[in-house]
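This report describes selected side-chain and helix features of one protein model. The sequence and structure are shown first.

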Amino acid sequence: MIAGNGNINVNNWNQYNRNVAAIAPAWGRAGNWNRPWYGNRPAWYWGRAWYNRHWFWHHGFWNYFSTPPAMWFGSGLAIGWLSSPGDTVVYENPYYAAPAAPDVNVYNYSQPIPAPAESQQAAAYPPPVDPAALEEGGSLPTTAPPSPEPDDAAKKADKLFGDARELFKAGKYAEALPKVDAAIKELPSDATLHEFRALTLFAQGKYKDAAAGLYAVLAAGPGWDWETMKILYPTEAAYTEQLRALEEFVKTNPKEGYGHFLLAYQYLVLGQKDSAVQELKEVSKLQPDDKLSAALVKALTAPPK
């Protein structure tokens with residue numbers, strides 16, 4: 001839970017301060033973590049806020065951990081998803097700098113991604129499977145999920161985000177940014193929108209701003225896998241060109257922690273775990289205030305249980 005100083009006690013499962021296991025017990029069973037559920041996706045995907053609004057294009061997330069972190073039952077808030085039960089971690093984003101002039105389109109990443117409003121919870125999460133049916137040996141459904149609950153803000157965000165994805169795929173990154181900003185204004189608790197926002201900044205070479213957004217995203221849970229990322233680009237070559245530009249930036253600016261952090265994220269998207277760990281270790285040397293990178297290294301290098 002969030003204390004007044006921004007500390008998070010990870011005895012409570014974390015994303016948006018919501019103990020999913022208490023509300024949907026089937027999500028909290030270790031045996032259900034990677035069983036296929038709606039749309040043949042792992043059961044824990046459906047505990048992430050608003051994933052049900054993206055499942056038709058969103059393939060999935062990193063899966064490099066020997067034991068699924070607690071956040072997978074609802075995307076851990078702050079860094080709790082990478083911590084041991086009982087740990088308290090302070091959310092402090094070392095890459096975010098407030099704009100010199102007020103800008104309503106810039107999200108304040110000095111704060112974690114917020115919780116869905118209580119009134120939005122039915123829209124943010126799909127209906128869970130009946131635990132009683134599972135006790136009797138019932139199977140998890142693998143058909144398409146039910147239609148999301150109606151929510152005016154989510155509908156507006158969906159339309160804006162769809163426009164942003166089309167612009168991005170056309171290479172119009174600067175035009176995609178205000179569209180996703182407007183979507184985030186409608187639905188600030190949707191981590192997918194924030195991750196896409198960071199992608200538009202990465203594509204424009206705005207690496208520190210991209211790292212600031214990704215810090216908040218990854219503090220809430222793992223990032224996209226390559227099957228998800230590549231859908232957003234017209235060709236793999238378009239992405240590769242941007243990745244090479246980032247690699248060159250890091251090579252010529254080796255003391256900039258945010259460059260290494262952003263590159264580690266991209267390597268994890270691509271499944272290059274060892275390269276990502278090297279970058280994250282470099283971040284920890286250069287940016288000791290980045291507690292998330294240190295936690296990621298620990299999680300990514302932990303021996304199988």
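Which residues are exposed on the other side of α9? Ala 237, Glu 241 and Lys 251 are exposed there, where exposed means over 50% relative accessible area, buried under 20% and partly exposed in between (1.4 Å probe, protein chains only).

## Basis of the model

The model is predicted, so local features need pLDDT of at least 70 and side-chain atom pairs count only at pLDDT 80 or more, whereas totals for chains, interfaces and linings use all residues. Residues are numbered from 1 along each chain as its sequence is written, and side-chain values use heavy atoms, with hydrogens and water left out.

## Helix α9

Helix α9 comprises 17 residues, 236-252; helices (H or I, at least four residues) and strands (E, at least two) are DSSP runs numbered from the N terminus. From first to last C-alpha, α9 reaches 24 Å, close to the 24 Å expected at 1.5 Å a residue, the expected span being 1.5 Å times one less than the number of residues.

The buried residues of α9 are Ala 238, Tyr 239, Gln 242, Leu 243, Leu 246, Phe 249 and Val 250. They cover an arc of only 135° around the axis, and therefore lie on the same side of α9; the arc is taken over the directions from the helix axis to the C-beta atoms. The cover over these buried residues includes α5 (173-186), α6 (191-203), α7 (207-220), α8 (226-231), α10 (257-269) and α11 (273-286).

## Aromatic pairs

Rings of Phe, Tyr and Trp (its six-membered ring) pair if their centres lie within 6.5 Å; planes under 30 degrees apart count as stacked, over 60 as edge-to-face and the rest as tilted. By this rule there are 26 aromatic pairs. One of them, Tyr 96 with Tyr 109, is edge-to-face, at 6.4 Å centre to centre and 80° between the planes. Both residues lie in the loop between β2 (88-90) and α2 (121-124), so the pair ties together parts that are 13 residues apart in sequence. Tyr 96 is buried at 19% relative accessibility, and Tyr 109 is buried at 2%.

The ring centres of Phe 202 and Tyr 207 are 6.4 Å apart with planes at 40°, so this pair is tilted. Phe 202 is buried at 1% relative accessibility, as is Tyr 207 at 9%.

His 54 is placed in the loop between α1 (20-23) and β2 and is buried, with a relative accessible area of 1%. Leaving aside neighbours within four places in sequence, His 54 is in contact (heavy atoms within 4.5 Å) with Phe 161, Asp 190, Thr 192 and Leu 193.
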